[in-house]
Amino acid sequence: MPKKIMVVDDDPYIVDYLVNVFEDHGYLTCRAFDGTSAYDVAMAEKPDLITLDLEMPNEWGPRFYRRLTLEEQFTEIPVIVISGLPGIHMAIKRAVATIKKPFDPTEVIEIVRKALGENSGED
């Protein structure tokens, strides 16, 4: 069964782009545009990995991630921070990677595969 990736970003163009990249590589996806809705989406969709922007309306990425990881089923969920903010490597200490916008989709896919314990390679 394909792994599910949740894309959380307040920029709908980035969300659509990442969703397309992930789906083109065989992943299921779900999306949210702020930390508040992301919590509800995560609880309903049970993603295997999250890509997370930091600066969003209603609830910032780090606060959402802290709140989510208080839930037993999400204590170990891998998160990849994708943000345009400086100093992003410090925002979520448990992040499996931090990627600065603009990003290379090939790099994102490689990080996702590694975080999910999958072999990299050509599709």
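K46 is found in the loop between α2 and β3, where helices (H or I, at least four residues) and strands (E, at least two) are DSSP runs, numbered from the N terminus. The model is predicted: local features need pLDDT of at least 70, side-chain atom pairs count only at pLDDT 80 or more, and totals for chains, interfaces and linings use all residues. Residues are numbered from 1 along each chain as its sequence is written, and side-chain values use heavy atoms, with hydrogens and water left out.

The phi angle of K46 is near 55°, a positive value in a residue other than glycine. K46 is partly exposed, at a relative accessible area of 42%; buried means under 20% relative accessible area, exposed over 50%, and partly exposed in between (1.4 Å probe, protein chains only). A positive phi also occurs at N58, about 70°, although N58 is not a glycine. N58 is placed in the loop between β3 and α3 and is exposed, with a relative accessible area of 66%. The loop between β5 and α4 holds P102, and the peptide bond from K101 to P102 is cis, with omega near -5°.

## Parallel strands and their crossover

Strand β1 (residues 4–8) and strand β2 (residues 28–32) run parallel and are joined by five bridges; two strands pair if DSSP finds at least two bridges between them. K4 stands opposite L28 in β2. From β1 the chain passes through α1 to β2, and this β-α-β crossover is right-handed. The term applies if, with the strands pointing away from the viewer, the path from the first strand over the helix to the second runs clockwise.

## Aromatic pairs and a charge over a ring

Rings of Phe, Tyr and Trp (its six-membered ring) pair if their centres lie within 6.5 Å; planes under 30 degrees apart count as stacked, over 60 as edge-to-face and the rest as tilted. By this rule there are two aromatic pairs. In one, the ring centres of Y17 and F103 are 6.0 Å apart and the planes stand at 45°, so the pair is tilted. Because Y17 lies in helix α1 (residues 12–24) and F103 in the loop between β5 (97–100) and α4 (105–115), the pair ties together parts that are 86 residues apart in sequence. Y17 is partly exposed, with a relative accessible area of 40%, whereas F103 is buried, at 16%.

The rings of F22 and Y27 have their centres 6.4 Å apart and their planes at 85°, so this pair is edge-to-face. F22 is buried at 0% relative accessibility, and Y27 is buried with a relative accessible area of 6%.

R67 lies over the face of Y39, at 4.1 Å from the ring centre. A charge sits over a ring if NZ of Lys or CZ of Arg is within 6 Å of the ring centre and within 35 degrees of the ring normal.

## The two sides of helix α3

In helix α3 (residues 61–68), the residues G61, P62, F64, Y65 and L68 are buried. Viewed down the axis of α3, these buried residues fall within an arc of 160°, so they line one face of the helix; the arc is that of the directions from the helix axis to the C-beta atoms. An α-helix has 3.6 residues a turn, so residues three or four places apart point the same way. R63 and R66 are exposed on the other side of α3.

The cover over the buried residues of α3 includes β1, α2 (35–45), β3 (49–52) and β4 (79–83), contact meaning heavy atoms within 4.5 Å.

## Buried loop residues and an exposed lysine

D53 lies in the loop between β3 and α3 and is buried, with a relative accessible area of 4%. Apart from neighbours within four places in sequence, D53 is in contact with V8, D9, D10, G61, I82, S83 and K101. T69, in the loop between α3 and β4, is buried with a relative accessible area of 13%. Not counting residues up to four places away in sequence, T69 touches F74, T75 and R94.

K114, in helix α4, is exposed, with a relative accessible area of 71%. The C-alpha atoms of K114 and V81 are separated by 15 Å, the two residues being 33 residues apart along the chain.
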